[in-house]
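Trainee: I have a model to go through. Can we take it one question at a time?

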Amino acid sequence: MRLPALRMPALRRPTWREVGTEARLLLIGIPVLVWTLIPIYHMFLFAISPKQDAFAGKLWPDHPSLNNFRIVFNQQHYFLRDFWIQFWNSAVIALAVGALTLFVATAAAFAISRLRVPGGRWVMNLALFTYFIPAAFLAVPMYRTMGNYGLLNNHWSLILAMVTIASPYAIWVLKQASDKLPFELDEAAVMDGATTLQLFRLVYLPLMMPSMVAVGIYAILLAWNEYLYAFLLLSRDTELTLPVALGNFLAADDSPWELLMTTGFIYALPPAAIYYVFKRYMVGGLTAGAVKS
Amino acid sequence: MTTMTLSPGNAAVPRGPLWPRFTTPQVWGMVLLVPYVLVFLAFVVYPVGYGLWLARHPASYVALYNDPIFARAAVNTLIFLLVGINLKMLVALFLSGFFVQSRSWIRWLSVLFILPWAVPSIPTILSVRFMFNPEWGVVNNLIFKFTGEDGPNWLNDPSVALTMAILMHIWKSLPFWTLILMSGRLAISQDLFEAAEVDGASFWQKFRFVTWPSMQTLYLTCTLLSMIFTLGDFNSVYLLTGGGPADLTHVLATLGIRYIRLDRLDLAMASIVCALPLVLPLVYFMMKRLSR
């Protein structure tokens, strides 16, 4: 007679108190769900609605179709004639920013945290200071600077600007993580005759992998999502990144909203997918480090 | 080589004639710092210096003082920070208490709740902008359906438009701060709550005497950090209202674009210099906290 005894807790009727608690939780949960999903659902609804359905104010279109996606993928509209090259630009710039930020930040974090280079603390503080300058404040002088360097309308201007913005936080996170590695490891490796570069490559990099994944993704998402700098630094249609192209839809009054929302939906998918796939790293590597209490 | 350790001050064998005072690892350390230092010099020091040089004329500040849009933007920024951020952090504090409840449906909800943070802001902001379009937007469509009257011209009223921009900002960044405050709540020892339960503490007393004392530092840090981030929030305002109507919803982050359009870079820089007395204390405080 063990089975019924085991089932007992599940069959127990909830008390009024428990029902009340659950109801109150639902009373919070349902508005939170609605608030969170409305803008995203609205975008999704436009993406799957034919033009005449999109504006009817219905919760679900009468004839849902993927026709909008076909139009976007085939670039069959004036606003979309450079869709694929803009998608490609966004991807290349994001990956370049990710790789360069990782390179710059890992080298700096290793030097500051493990090699205890003289002045390393200073560099760390300057980097932190940069992190706290609101990015929009640096945008105007950055725009002029890129003009002076002759880099305007060149992808390098956006890549370098985004590396500048991404690396302070990247260095800080990597330094926090590498401070936690035991110094005995380095000493043992040096005892065994490892050179500094071997120490970096064979001991440091493998141990830092999880934080580096987090930092690389942080930089990639930052670059993929960036609007302001891309808007300022690039201007030719075939050089733009997707967010700026989306913003340009607003230029005309008769913009095809359903196509704009479809393009926006496609643009939002990769970062959302990356975020959920690497959530473990993001939560462990970044939110814990973002605010130290 | 084998006798060398990494700690500075160790009597290591001096390497190389040019660097008699430094050990090999330290020389390598300096080499590895070079990429970041170059980035910093070329894209932080030079632009900031150049910007300050552009903003050197007192005439720029006089022009700024005489520009009603600047004063309006400063007020808008303060409203954005003081009302928007405090509202957001209070809601985040409340919701962090909701999301730490152990229910499977709340875990699923938290996965969806993070969506605004996980997706790029541009498409969702444009989606909201279309929702509130006076003629075609779904909101006014529904108002017309149920009341038979035309809805208001939402984004054409400066105070409504600014409120919407603040709500847009809250929508986007609420999940992030809720997540951080959740980690703060989860770090509190359960023993304390059990002890409070035994002593017959009410829900409010548990918050007042257990949760809040352990979270107040985190809460304050988050609020200040969020203020710094929000000062740079260009998208929520620019893509929703474009600074309009009649440039009345600009904030300091979007004002620079307006002055670039007017070809007055000196004013753009001067407006940022005017914001520094507000920004630098915040930055100083955050650096004190983070660089320990």
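Mentor: Start with chain A. From the N terminus on, its elements run α-α-α-α-α-α-α-α-α-α-α-α-α-α. This is a predicted model, where local features need pLDDT of at least 70, side-chain atom pairs count only at pLDDT 80 or more, and totals for chains, interfaces and linings use all residues. Residues are numbered from 1 along each chain as its sequence is written, and chains are lettered from A in the order in which they are written.

Trainee: How many helices and how many strands does chain A have?

Mentor: Helices (H or I, at least four residues) and strands (E, at least two) are DSSP runs, numbered from the N terminus. On that basis, chain A comes to 14 helices and zero strands.

Trainee: What is the radius of gyration of chain A?

Mentor: That radius is taken over C-alpha atoms; the globule rule is 2.2 Å times the number of residues to the power 0.38. For 293 residues the rule gives 19 Å, and chain A is well over that, so it is more spread out than a compact globule. Its C-alpha atoms fill a box of roughly 75 × 70 × 30 Å along the principal axes. The radius of gyration is 25 Å.

Trainee: Which percentage of the residues in chain B is buried?

Mentor: A residue is buried if 20 or more other C-beta atoms lie within 10 Å of its own, exposed if 12 or fewer, and partly exposed in between, with C-beta atoms placed from the backbone. Chain B has 292 residues. Its buried share is 40%.

Trainee: Where is the kink in helix α13 of chain B?

Mentor: Helix α13 covers residues 265-290 of chain B. The bend at a residue is the angle between axes fitted to the seven residues ending there and the seven starting there. Here the kink is about 50° and comes shortly before the proline B:P277. The kink lies at B:L276.

Trainee: Which helix gives the largest share of the side of chain B that touches chain A?

Mentor: Two residues are in contact if their C-beta atoms, placed from the backbone, lie within 7 Å. The contact takes 81 residues from chain B and 80 residues from chain A. On the chain B side, 20 residues come from one helix, residues 24-54. That helix is α1 of chain B.

Trainee: How many residues on that side of chain B are nonpolar?

Mentor: Ala, Val, Leu, Ile, Met, Phe, Trp, Tyr, Cys and Pro count as nonpolar, Asp, Glu, Lys and Arg as charged, and the others, Gly among them, as polar. The side of chain B that touches chain A has 19 polar and two charged residues. The nonpolar residues number 60.
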